[in-house]
Amino acid sequence: MEGQDEKLPGAVGHPHLHAEIYDDDGVIRASFLAQVEAAIAERNTEALKDDIGSLHQSELGHLLEALLPEQRRALVELMGSDFDFSALTEVDEAIRLEIVDNLPNEQIAQAVQELDSDDAVYILEDLDQEDQDEILAQLPFTERIRLRRSLDYPEETAGRRMQTEFVAVPPFWSVGQTIDYLREDKNLPDRFSQIFVIDPTFKLLGSIALDQILRSKRSVKIADIMHETRHAIPASMDQEEAAHEFEQYDLLSAAVVDENDRLVGVLTIDDVVDVIQQEAEEDLLRMGGVGDEELSDTVLAASRSRVPWLLVNLFTAFLAASVIGLFDRTIEHIVALAVLMPIVAGMGGNAGSQTMTVTVRALATRDLDIYNAGRIIRREMGVGFLNGMIFAVLIGIVAASWFQDPNLGGIIAAAMIINMFVAALAGILIPLLLDRVGADPAVASAVFVTTVTDVVGFFAFLGLATWWFGML
């Protein structure tokens, strides 16, 4: 969804193409995929162009992901200048690099000139600096400067995601002059919904919606009907912060300004939707300890992204094991403890993960802040205690009946209450603490919450058992 292309699937020659590509579950049909693969194998360029020439960029992206690496390369080669490079913004980074790395820089430079600037940056930003420079050197001066400016902004900022094609007019123009300009200038963006007002130094003064232009008389001055831009996005702002601005103020597009408040681009809702999806996926992957892994990554790359947090988990597992080691004599005499203690730790871990997931998401969406943190913490404490009581009764009855020992049932019930309560506290306090010190709670919370629930669960259960049975 990176581009602004609104080309409808099947608009040229295939009135029902979308229905033929996907099955009822939204997966590319095996028959269509086989048809494309056959055209590639036979190097039948005409058949291939007929099959995929009218696909939307997102559909072509799905098709590329479904093909084998050698088939992707052959498809791009056979399509030649008819290949829609904006489809590369719809695929995994590994697939995009695999395709681009097999193309000459001259072809990439030619293709980049046909793309919106945000799509061009999306493709160029993953290339080596040497390749970037070589490609940019082949572009017209104005376009080269625009793309270079976007690439100079840090990754995952509004400056990287913005589109540098926009419509701007001076405040002293009339509505009539503006309409004539929109009709006659051939270098304007294909689609836009907002016109920005700037001074001679490109400093942003305000904006006007297209519908307001159409409703105003030709003689009216732009300065008289423009609105002050209250939600301009700094180019250096993190893309997640920018997405939050769009969500909070229901924006469809927003001006992007540099440190001197000069207009440098526009951020549109289609880019923001991509950012929201990307950030949500990143948080989900980080909570699972797999970093930025993608399905198209190699075995080695996937292994490398998972090993660090598995290593951390190994050390925390030794910490939990050392707690068990403190009570080895008790476990030797009461074997039932070894059978039951994983239940306490496991239930606490699950309860902590539930609270942690809710907390991390609330922090990401800014639903949890300093003003309501106390109330949410008290709520989670109540939930932890109530759930602890419920499961304490259940596990207590089961344990007492299983091992014919009411004492054992009472001990595990008490340990369950303690660990479920602590799990709820850990699940909300640890992400809050990590967020407060500037760490990403989505990355580090899980391992700390699991460690706390394991250690407390084992210590509470085995400690209570050692104390109680020592008294008998």
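Glu125, Arg160 and Arg161 are linked in a network of salt bridges, a salt bridge being a side-chain nitrogen of Lys or Arg within 4 Å of a carboxyl oxygen of Asp or Glu. The structure is a predicted model, in which local features need pLDDT of at least 70 and side-chain atom pairs count only at pLDDT 80 or more, while totals for chains, interfaces and linings use all residues. Residues are numbered from 1 along each chain as its sequence is written, and side-chain values use heavy atoms, with hydrogens and water left out.

## Salt bridges

Side chains of opposite charge can pair when their charged atoms come close.

| Pair | N to O distance |
|---|---|
| Lys49 and Asp82 | 2.8 Å |
| Glu98 and Arg72 | 3.0 Å |
| Glu380 and Arg379 | 2.5 Å |

In the salt bridge of Lys49 with Asp82, Lys49 lies in helix 3 and Asp82 in the loop between helix 5 (69–79) and helix 6 (93–101), so the pair ties together parts that are 33 residues apart in sequence. Helices (H or I, at least four residues) and strands (E, at least two) are DSSP runs, numbered from the N terminus. Lys49 is partly exposed at 28% relative accessibility, and Asp82 is partly exposed at 46%, where buried means under 20% relative accessible area, exposed over 50%, and partly exposed in between (1.4 Å probe, protein chains only).

Glu98 and Arg72 also meet in a salt bridge, and this pair links distant parts of the chain, with Glu98 in helix 6 and Arg72 in helix 5, 26 residues apart. Arg72 is buried, with a relative accessible area of 7%. In the salt bridge of Glu380 with Arg379, Glu380 is buried at 7% relative accessible area, whereas Arg379 is partly exposed at 45%.

## Helix 3

Helix 3 covers residues 45–52, and its residues Leu48, Asp51 and Ile52 are buried. Seen down the helix axis, the buried residues of helix 3 fall within an arc of 75°, so they line one face of the helix; the arc is that of the directions from the helix axis to the C-beta atoms.

In strand 5 (residues 253–257), 5 of the 5 residues are buried, so the strand is largely enclosed by the rest of the structure. Ser253, Ala255 and Val257 point one way from strand 5, while Ala254 and Val256 point the other way.

Two strands pair if DSSP finds at least two bridges between them. Strand 4 (residues 233–234) runs parallel to strand 5 and is joined to it by 2 bridges, with Pro234 standing opposite Val257. Strand 6 (residues 263–268) pairs with strand 5 in the antiparallel sense over 5 bridges, and there the bridge partner of Val257 is Leu263. Strand 5 and strand 6 form a hairpin with 5 residues between them, and Asp261 in the turn has a positive phi of about 65°.

## The lining of a pocket

The lining of the second largest pocket has 11 nonpolar, 3 polar and 13 charged residues, where Ala, Val, Leu, Ile, Met, Phe, Trp, Tyr, Cys and Pro count as nonpolar, Asp, Glu, Lys and Arg as charged, and the others, Gly among them, as polar. The largest share of this lining, 7 residues, comes from helix 16.
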